[in-house]
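Welcome! Please take a moment with the sequence and the model below, and then we can walk through them together.

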Amino acid sequence: MRTIAHLSDLHFGRVDAALLLPLATKLRALAPHLVVVSGDLTQRAKPAEFRAARRFLDTLPQPRLVVPGNHDVPLYNVFQRFLGPLNKYRRYISRELEPSYIDEEIAVVGINTARSAVFKGGRINEAQMEHARKLLCPLPEKVTKMIVTHHPFDLPPGHDSRELVGRAREAMKLFARCGADILLSGHLHESHASDTRLRYKIDGFAALVVQAGTATSTRARGETNSFNVIRVEHPRVRVERFAWTGADFEPADAAAYEHTAEGWRKS
């Protein structure tokens with residue numbers, strides 16, 4: 001079995017500092033095999049915000065897989081936004097924008113969906129799809145395959161389809177060919193878990209979508225700060241949400257899923 005801690009939308013520059021130590025302490029106690037952070041480490045991509053994010057990441061268990069979000073691209077400095085949009089991310093967080101982690105049970109591939117040309121939206125391009133294909137397609141079925149992006153491939157009820165990552169349908173067809181199992185994302189500051197069968201009608205394929213809320217931002221948009229813990233024992237997955245109670249992060253809800261001939265379904 002593998003345990004993955006999934007955090008998103010830290011937004012240093014607009015964090016609730018009281019959450020940082022309890023969050024790091026809880027994650028160390030959970031002892032995950034991998035910590036995933038799906039973007040928006042900062043609020044306005046300022047050096048001080050990236051430094052604070054780096055200090056926090058260094059308190060978390062390793063290994064860690066981190067991808068950028070749209071807030072990690074400078075908003076108001078046009079020169080930096082278009083000529084070096086993720087230079088500060090590379091300097092303070094990681095030079096690798098699309099990291100991966102693969103062992104005998106899980107394969108996790110990060111994809112950078114942040115773009116300079118749009119303020120909030122994101123996109124996946126053909127080169128990124130090909131990169132994911134090369135890593136995931138050769139792996140055996142017993143390996144649970146995951147994609148990590150900041151922008152989502154599916155949405156909770158009530159959201160506009162324009163919030164989906166650009167070229168989502170094309171990417172999903174490739175993911176189906178490679179047997180991608182789980183899509184991890186953030187961006188919406190809303191926790192959600194479901195499968196893709198309603199939005200993407202692909203015969204014999206339905207991936208599990210796991211959306212993380214914001215772990216530490218004061219911009220919680222009506223939802224308590226939280227993170228996900230994903231326990232993988234192929235062909236079964238359990239998704240737990242840990243929510244802030246005012247004193248600690250505690251289990252709030254959970255759901256179990258199983259892989260069938262038609263893809264992932266709630267069990």
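Which residue in β10 is the bridge partner of Ile-4? The partner is Ile-230. This is a predicted model, in which local features need pLDDT of at least 70 and side-chain atom pairs count only at pLDDT 80 or more, while totals for chains, interfaces and linings use all residues. Residues are numbered from 1 along each chain as its sequence is written, and side-chain values use heavy atoms, with hydrogens and water left out.

Let us begin with strand β1, residues 2-7. Helices (H or I, at least four residues) and strands (E, at least two) are DSSP runs, numbered from the N terminus. Of the 6 residues of β1, 6 are buried, so the strand is largely enclosed by the rest of the structure. Here buried means under 20% relative accessible area, exposed means over 50%, and partly exposed lies in between (1.4 Å probe, protein chains only).

In a regular strand, side chains alternate between the two faces of the sheet. In β1, both faces are covered: one side has the buried residues Arg-2, Ile-4 and His-6, and the other has the buried residues Thr-3, Ala-5 and Leu-7.

Two strands pair if DSSP finds at least two bridges between them. β1 runs antiparallel to β10 (residues 226-233), and 5 bridges join them. With β2 (residues 34-38), β1 pairs in the parallel sense over 4 bridges. In β2, Leu-34 stands opposite Ile-4, and Val-35 is the bridge partner of Ala-5.

**The sheet and the helix across it**

These strands belong to an open sheet of 7 strands with mixed pairing, in the order β3-β2-β1-β10-β11-β12-β13. At the edges stand β3 (64-67) and β13 (263-266), each with a single partner strand, so one side of each is left without a neighbour in the sheet. On average, neighbouring strands of this sheet are turned by 25° against each other, direction ignored. Axes are lines fitted to C-alpha atoms, for helices over the stretch in contact, and angles run from 0 to 180 degrees between N-to-C directions.

α1 lies across β1, β10, β11 (236-244) and β12, and runs at about 10° to β10.

Lys-26 is found in helix α1. Is Lys-26 buried or exposed? Lys-26 is buried, with a relative accessible area of 16%. Leaving out residues up to four places away in sequence, Lys-26 touches Phe-227, Phe-242, Asp-248, Phe-249 and Glu-250, where contact means heavy atoms within 4.5 Å.

A salt bridge is a side-chain nitrogen of Lys or Arg within 4 Å of a carboxyl oxygen of Asp or Glu. By this rule the count comes to 16 salt bridges, including these:

| Pair | Closest N to O |
|---|---|
| Arg-199 and Asp-154 | 2.6 Å |
| Asp-195 and Arg-197 | 3.1 Å |

Glu-250 is partly exposed, with a relative accessible area of 32%.

In the salt bridge of Arg-199 with Asp-154, the residues are 45 residues apart: Arg-199 is in the loop between β8 (192-195) and β9 (208-211), and Asp-154 is in the loop between β6 (144-148) and α6 (168-178). Arg-199 is partly exposed at 24% relative accessible area, whereas Asp-154 is buried at 7%. Asp-195 and Arg-197 are both buried. A network of salt bridges links Arg-2, Asp-103, Glu-104 and Glu-105.

**The nonpolar cores**

In soluble globular proteins, nonpolar side chains tend to be buried together. A nonpolar core is a set of buried Ala, Val, Leu, Ile, Met, Phe, Trp, Tyr and Cys residues joined through side-chain atoms within 4.5 Å. The largest nonpolar core has 33 residues, of which Leu-7, Leu-41, Phe-56 and Ile-93 touch the most other members. At least two residues of this core come from each of β1, α1, β2, α2 (47-57), α4 (87-92), β10 and β11. The helix α2 gives the most, with 5 residues. Apart from this core lies another, of 27 residues, among them Ala-132, Val-143, Leu-164 and Cys-178.
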